[in-house]
Amino acid sequence: MSKKELSKAFEPAHAEERWYDYWLENKYFHAKDNSDSPAFSIVIPPPNVTGMLHMGHALNNTLQDIIIRFKRMQGYNTLWMPGMDHAGIATQNVVEQELMKEGLSRHDLGRAKFIARVWEWKEKYGGVIINQLKRLGCSCDWERERFTMDEGLSKAVREVFVRLYNEGMIYQGDYIVNWCPRCHTAISDLEVEFKQDASFLWNIRYPFADGSGDIVVATTRPETMLGDTAVAVNPLDFRYRDQVGKFVILPLMNKKIPVIADDYVTMDFGSGAVKITPGSDPNDFAMAQRHQLEIISIMDGHGIINEYGGKYKGQDRYEARKNVLADLEKGGYLVSTEHYAHNVGQCYRCKTDIEPMVSKQWFIKIKPLAKQAIAAVVKDKTKIIPKTWEATYFDWMNNIRDWCISRQLWWGHRIPVWYCDDCDKVIVAIEDPKECPDCGNTSLMQDEDVLDTWFSSALWPFSTLGWPDKTESLKTFYPTSLLITGFDILFFWVARMMMMGLYVMKDVPFRHVYLHALVRDEKGEKMSKSKGNIIDPLSMIDQYGTDAFRFTLAAYTAQGRDVRLSPERIEGYKFFVNKIWNASKLTLTNLADFDESAPVNDSDSLPDKWIKAKLNETIAEVTRGLEEYHFNDASAAIYHFIWHEFCDWYLELSKPVFYGKASQEQRQATQKTLHEVFTVMLQLLHPFMPFVTEELWQSLNDSDERSIMVSKFPVVNPAWEDKVAEKKMEMLMTIITSIRNIRGEMRVPPSIKLKVMVSAGDDESGKIIDDGKDYILNLANLESLTVEVGLVEPKGVATGVIGATRIFVPLAGVVDITGEKARLEKELAKVSKDLEQSSKKLANRDFCAKAAPEIIQKEEDKLKECQEKFNTLENALKKLKEISR
């Protein structure tokens, strides 16, 4: 069989583009709606249309692609559904910033023209990330690509909204929401990010209306006192029992407000008395509803004090804070100021401090939906992996609040509600109504708000498959098999998909949910621009190739543990790709004259039997690792087999066969084994490293008619199981390793052939060693090997111990024992001094308290390295002393 000759080195950029185009042309990524093969489906967590590939995307999509390629090779009819999210706030912000450069705002354009401008931007710039995912090797069914604002998904969104509304699950009401003064919209609790703020706690005196004294309240937001409608204390707080029911005068506003008792108040915070501002705090809002208090909103949507703020009207909230504090101090109301650190909520998009605000919003009654989603996980209809995340899921779902689904944006799914100007009829419909069904009026006004982006995303597993139409895709691929996503959107997205899937489809949206952790830098710190530790995936791909990058991500993905990444680690797996390439060149050279159809007339050698047995174990480990989502275990198994067992041992053990030291029959037998092993090895590696394996597969088969990605994934071959061969080979390898170690420790040059004696522990061991004599002579570079049972240890030898077997390596005339002892003693003294210095430094409390963490780590690494070197030198010196006795 003629084989394509490989280039000197693997060239990732050229190969990646060529083979990806080849896969697309041959429609290898395309799933069939009707197939006899079992279905396996994944929906991609849709990246934002504004998105650029970052490490989170890279990890998430690499893991998805590994599983999809694995399942496709196992014979499944695999669908990986791709698409993008319209990303309401993010996309609107991007386009508004473009308009600002032109001196315009969205209001200058008006709603219709602004939305047209967003679509224009989407067509021109949106979806860059899709091409970046292709560079990563993602084998999505691109013919099915969806967008959360496309016609089909928009139809699904309206259908679900109307159904929920008609069943009394959607309502509109005044409620306190998280308001972003910059984006001018409500955002959900999950969209609020918290940052630690080193601020102050101000203690303010509120005088009793009857002149009997005052009560002191503590606050971190004095400007909100303009909207206070009560002061609250805990009913069990004896300090205030006689004051509940009294009235105090609200400083600066000169109005009477009551003192109330409520269990929510914490007695040990500040004075134990708190101001109640229902329009500016969700907990105060809830308290106001319990006690029928007045609710006053003192700010407008821009964070500016409104007419309810008295003389502070027109002031920005932070300007008002300064002026309120100045007036409190001037009026003698400010008792004290304390340093106080607390969390401040910010908009996850623009990082503006959010402002709790009472407004009219649309909500979903979520608890009935959550109840079903909890039950589905309890009953194992959906498994969350790792299982430790189930407790977090249950806790959040059991304490869930109604979902505010309206957003004060223009870009998004507009809420399908219309209002009749004449009769005030509220019309909720899937299709745009032409007239009021009650009075026939044609002047209808649609609700200005759009739906939360996560509303359409919650429908993603079934809307992308064609729902509400009853499609073959939906019948074949729903419920989907697996969702792979980050733990950080367990509530944003996963929980909501669970609820909507069960509500609409009456079945869970996916059977398994695998939650991966975050990608951090090598020190375990979160990547951020401010720290300067961001690693750009595309830069890593350009520098080291996609295969090395993907394999690194898989190798460091352990369940429940963050991925610690560095360019050096990726470079390490680039060396692995180089190792595979060089081994493949040798393999293809050795197979150049191999005829697959020719009969093999000789039995397998010991190395042939051994490598097939080890490959069998690797097949089992890789398959188990991928089936159970232990990506690190699966990648470690294939790495160990290729680097250590195939490259380091089997190729070396086989060299004499290919270099004319064996019969033609034995050569054919070894070629057959080499061909089988190399083929299976590439197939096992393909899900992790798709490009280099395709390149080698095509070279091996000298054909581009069929891709490795549609070849059959290996299964354990019972005929390859051979514990006897493993035991024998293990003994020979251990002996070779022991001789190599002695050679290294004693600094024996590789060119010197040694005469070695082996004292076998018993007859069985003796026979194994004697039968494998040629392998030991060759790989240990020996002149001779003597094997006897119970051989007495001669003088002047370095000894290796393997159970009851002893290996004697004579060093007389090979090593200058006196000179070597002197060298070792000198080097040992130097290392001992370094060891002492490092130990003292790390034992110094001042050093450990003041030094930067990376400096301490560097010193600890130095100590570890010195200790290892010391142990090696000490052992070598000990051996030399034993020899010279």
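Which ring does the charged end of Lys246 sit over? The charged end of Lys246 sits over the ring of Phe208, 4.9 Å from its centre; the term applies if NZ of Lys or CZ of Arg is within 6 Å of the ring centre and within 35 degrees of the ring normal. This is a predicted model, in which local features need pLDDT of at least 70 and side-chain atom pairs count only at pLDDT 80 or more, while totals for chains, interfaces and linings use all residues. Residues are numbered from 1 along each chain as its sequence is written, and side-chain values use heavy atoms, with hydrogens and water left out.

**The chain as a whole**

- The protein chain has 28 helices and 29 strands; these are DSSP runs numbered from the N terminus, helices being H or I with at least four residues and strands E with at least two.
- The C-alpha trace spans about 110 × 70 × 55 Å along its principal axes.
- Of the 885 residues in the protein chain, 53% are buried (buried is under 20% relative accessible area, exposed is over 50% and partly exposed is in between, with a 1.4 Å probe and protein chains only).
- Among contacts with a separation of 6 or more, 78% join residues 24 or more positions apart; a contact means heavy atoms within 4.5 Å.

**Aromatic rings**

- The structure contains 38 aromatic pairs, counted when the centres of Phe, Tyr or Trp rings (for Trp, the six-membered ring) lie within 6.5 Å; planes under 30 degrees apart are stacked, over 60 edge-to-face and the rest tilted.
- One of these pairs is Trp119 with Trp411, which is edge-to-face because the ring centres are 5.3 Å apart and the planes stand at 80 degrees.
- Trp119 lies in helix H5 (residues 111-125) and Trp411 in the loop between strand S17 (406-407) and strand S18 (417-420), so the pair ties together parts that are 292 residues apart in sequence.
- Trp119 counts as partly exposed at 28% relative accessibility, whereas Trp411 is buried, with a relative accessible area of 1%.
- Tyr514 and Tyr629 form a tilted pair, because their ring centres are 5.8 Å apart and their planes are at 40 degrees.
- This pair links distant parts of the chain, 115 residues apart: Tyr514 is in strand S23 (residues 510-516), and Tyr629 is in the loop between helix H19 (606-627) and helix H20 (631-658).
- Both Tyr514 and Tyr629 are buried.
- Phe551, Tyr573, Phe576, Tyr639, Trp643 and Phe688 are joined into a cluster by ring pairs.
- The charged end of Arg740 sits over the ring of Trp649, 5.3 Å from the ring centre.

**Helix H9**

- H9 (residues 317-330) has 14 residues and reaches 20 Å from its first C-alpha to its last, close to the expected 20 Å at 1.5 Å a residue; the expected span is 1.5 Å times one less than the number of residues.
- Arg317, Ala320, Arg321, Val324, Leu325 and Leu328 are buried in H9.
- Seen down the helix axis, the buried residues of H9 fall within an arc of 135 degrees, so they line one face (the arc is that of the directions from the helix axis to the C-beta atoms).
- An α-helix has 3.6 residues a turn, so residues three or four places apart point the same way.
- Lys322, Glu329 and Lys330 are exposed on the other side of H9.
- The cover over the buried residues of H9 includes strand S7 (192-207), strand S13 (334-347) and strand S14 (355-364).
- At the N-terminal end, Asp316 caps H9, with a side-chain oxygen 2.9 Å from the backbone nitrogen of Tyr318.
- Gly332 follows H9 and has a positive phi, near 80 degrees.

**Individual residues**

- His516 lies in strand S23 and is buried, with a relative accessible area of 6%.
- Leaving aside neighbours within four places in sequence, His516 is in contact with residues including Leu59, Asn60, Leu63 and Phe487.
- Thr587 is in helix H18 (residues 567-590) and is buried, with a relative accessible area of 0%.
- With neighbours within four places in sequence left aside, Thr587 is in contact with Phe646, Leu651, Leu674 and Phe678.
- Asn48 lies in the loop between strand S1 (39-43) and helix H2 (55-73) and counts as partly exposed at 22% relative accessibility.
- Asn48 and Asp85 are 37 residues apart in sequence and 4.8 Å apart in space, C-alpha to C-alpha.

Key:
A polar contact is a pair of N or O atoms within 3.5 Å; within protein, one must be able to donate a hydrogen and the other to accept it, and residues adjacent in sequence count only if both atoms are side-chain atoms.
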